[in-house]
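Please walk me through this protein model.

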Amino acid sequence: MYQNKMFEKRWINFSLNSSLSILSALLLIILASPVIAQNEHEHGDKQTEQHKSEDAHKHDSASESSMHKEDDSHSTDQHQHDEQTHNLTESQSEQTSPANANEDEHGHGHEGEDENHVEIDDEMARQQGLATAKALAGEVSLTTKLYGRIVLSPDQVSQVRARFPGRITRVNVNFGDEVKKGQLLASVESNNSLQSYNLHAPISGTITAKEASTGEVATDQALFTITNTNSLWAELKVFPEQASEIKAGQKVQLLNGDRKFESSIKQLLPNNQAQPYRIARVPIESTEATLFPGLLVEAQVIIQQETVDIRIPNSAIQRYEGSQVAFLKADGKYQVKPLNLGISDGRYSEVLSGLRQGDEIVVENSYLIKADLEKEGAAHAH
């Protein structure tokens with residue numbers, strides 16, 4: 001009995017002590033858990049920072065490596081680009097070199113001076129009427145324009161009268177007839193002597209007036225008027241602003257439509273109609289039936305002449321691509337030559353630059369070459 005109680009007492013103490021130990025252990029575990037968790041958290045944070053640092057270092061290394069690669073790649077690409085540019089420049093230089101300039105199937109170059117030319121053989125040029133001449137020294141004149149009309153020469157009009165009054169016994173010509181100097185016109189019987197005498201034409205010309213008829217009495221009237229219609233003059237108006245330039249003896253080119261006549265100023269006369277201009281009288285030496293009194297004319301009066309190193313006819317000059325040009329013939333080619341021109345007299349122009357003495361240029365139908373070049377340019381543009 002006693003032993004049982006002792007055993008029970010010991011068991012209770014043992015159980016109590018065990019319970020207390022267990023509770024103490026649990027309490028320690030509970031109290032230690034936050035510290036352990038904090039330590040583990042701090043340890044984890046350190047590992048994370050270490051990993052981040054390592055990652056950043058790796059990233060920086062990779063970036064630096066990538067930058068080096070990009071720099072190397074850029075340098076390589078730049079070097080290759082420079083080489084390609086150099087090669088392209090050399091290639092273009094070779095292509096545009098006059099020695100290596102390419103020509104198309106028509107023989108027209110695409111670069112340099114030889115670009116603007118056409119090739120025409122001599123037979124084709126002859127068929128097209130292309131005429132050439134050499135550019136040489138010569139006279140070029142400064143001119144001024146005057147305007148006027150054609151009139152009959154006043155000293156080529158003659159009126160025929162009877163020498164003595166009497167009856168007209170015979171008339172040999174009619175109004176409008178052409179007569180020669182010395183030709184018989186009529187016969188008159190004198191009232192005083194009752195003898196007949198003849199009237200003859202004092203000049204050659206046309207009967208422009210007739211007052212004589214057979215049987216009539218001739219007194220002091222003009223029986224016939226004879227006008228030499230082949231002797232014509234141009235009377236040109238010279239206004240005050242031109243008066244100082246116009247002088248007798250100056251050469252004149254008269255123009256009436258497509259017709260041209262060379263002459264010179266013979267007389268400078270005051271105007272008898274009280275108008276503010278003078279009259280420059282110019283004889284016209286022409287027998288053309290198309291010229292007659294009353295026609296209007298234009299006159300180019302040469303007021304100054306100069307001898308120049310190179311002159312070309314104006315028919316050789318064309319306007320092409322905004323410039324005045326001539327077409328030089330050389331080796332079967334007709335080459336465009338831009339010109340710098342000086343003075344001009346309406347027929348010839350001075351060439352200051354663009355041609356040399358002796359150059360053979362087109363002087364007739366040069367517009368055909370211009371048309372061919374423009375056609376060729378339009379074809380290339382498309």
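**A guided walk through the model**

Glu321 counts as exposed, at 63% relative accessibility. The cut-offs are these: buried means under 20% relative accessible area, exposed over 50%, and partly exposed in between, with a 1.4 Å probe and protein chains only. Glu321 lies in the loop between β18 (318-320) and β19 (323-330). Its phi is near 50°, a positive value in a residue other than glycine. Asn365 also has a positive phi, of about 60°, although it is not a glycine. Asn365 is placed in the loop between β23 (360-364) and α3 (367-381). At 27% relative accessibility, Asn365 counts as partly exposed.

A word on the basis of all this. The model is predicted: local features need pLDDT of at least 70, side-chain atom pairs count only at pLDDT 80 or more, and totals for chains, interfaces and linings use all residues. Residues are numbered from 1 along each chain as its sequence is written, and side-chain values use heavy atoms, with hydrogens and water left out.

Now the sheets. Strands of a sheet pair through backbone hydrogen bonds, either parallel or antiparallel. Helices (H or I, at least four residues) and strands (E, at least two) are DSSP runs, numbered from the N terminus. Two strands pair if DSSP finds at least two bridges between them. Strand β5 (residues 166-171) pairs with β10 in the antiparallel sense over two bridges. There, Gly166 stands opposite Ala218 in β10.

Another open sheet has four strands in the order β4-β11-β9-β6, and the pairing is antiparallel. β4 and β6 (178-179) stand at the edges with a single partner strand each, so one side of each is left without a neighbour in the sheet. Two bridges join β6 to strand β9 (residues 205-210), and the two run antiparallel. Glu178 stands opposite Thr206 in β9.

Turn to the rings. The structure holds two aromatic pairs. Phe164 and Tyr197 form one that is edge-to-face, 5.7 Å centre to centre with 85° between the planes. This pair links distant parts of the chain: Phe164 is in the loop between β4 (157-160) and β5, Tyr197 is in strand β8, and they are 33 residues apart. Phe164 is partly exposed, with a relative accessible area of 41%. Tyr197 is buried, at 9%.

Phe239 is partly exposed, at 32% relative accessible area, whereas Tyr277 is buried, at 14%. The rule covers rings of Phe, Tyr and Trp (its six-membered ring): they pair if their centres lie within 6.5 Å, and planes under 30 degrees apart count as stacked, over 60 as edge-to-face and the rest as tilted.

Charges meet rings as well. Arg281 lies over the face of Trp233, at 4.0 Å from the ring centre. The charged end of Arg311 sits over the ring of Tyr348, 3.7 Å from its centre. To count, NZ of Lys or CZ of Arg must be within 6 Å of the ring centre and within 35 degrees of the ring normal.

Last, the pockets. A pocket, on a 1 Å grid over the protein atoms alone, is an open set of points where a 1.4 Å probe fits, with protein on both sides within 12 Å along at least five of seven lines; lining residues have an atom within 4 Å of a point. Of the 14 residues that line the largest pocket, the closest to its centre are Glu235, Asn271, Gln273, Tyr277 and Ile279. β3 (136-152), β12, β15 and β16 each supply at least two residues of this lining. β3 gives the largest share, three residues. The second largest pocket is also lined by 14 residues, and Ser141, Ile302, Gln305, Asp345 and Arg347 lie nearest its centre. Here β3, β13 and β17 (296-313) each supply at least two lining residues. The largest share, four residues, comes from β17.
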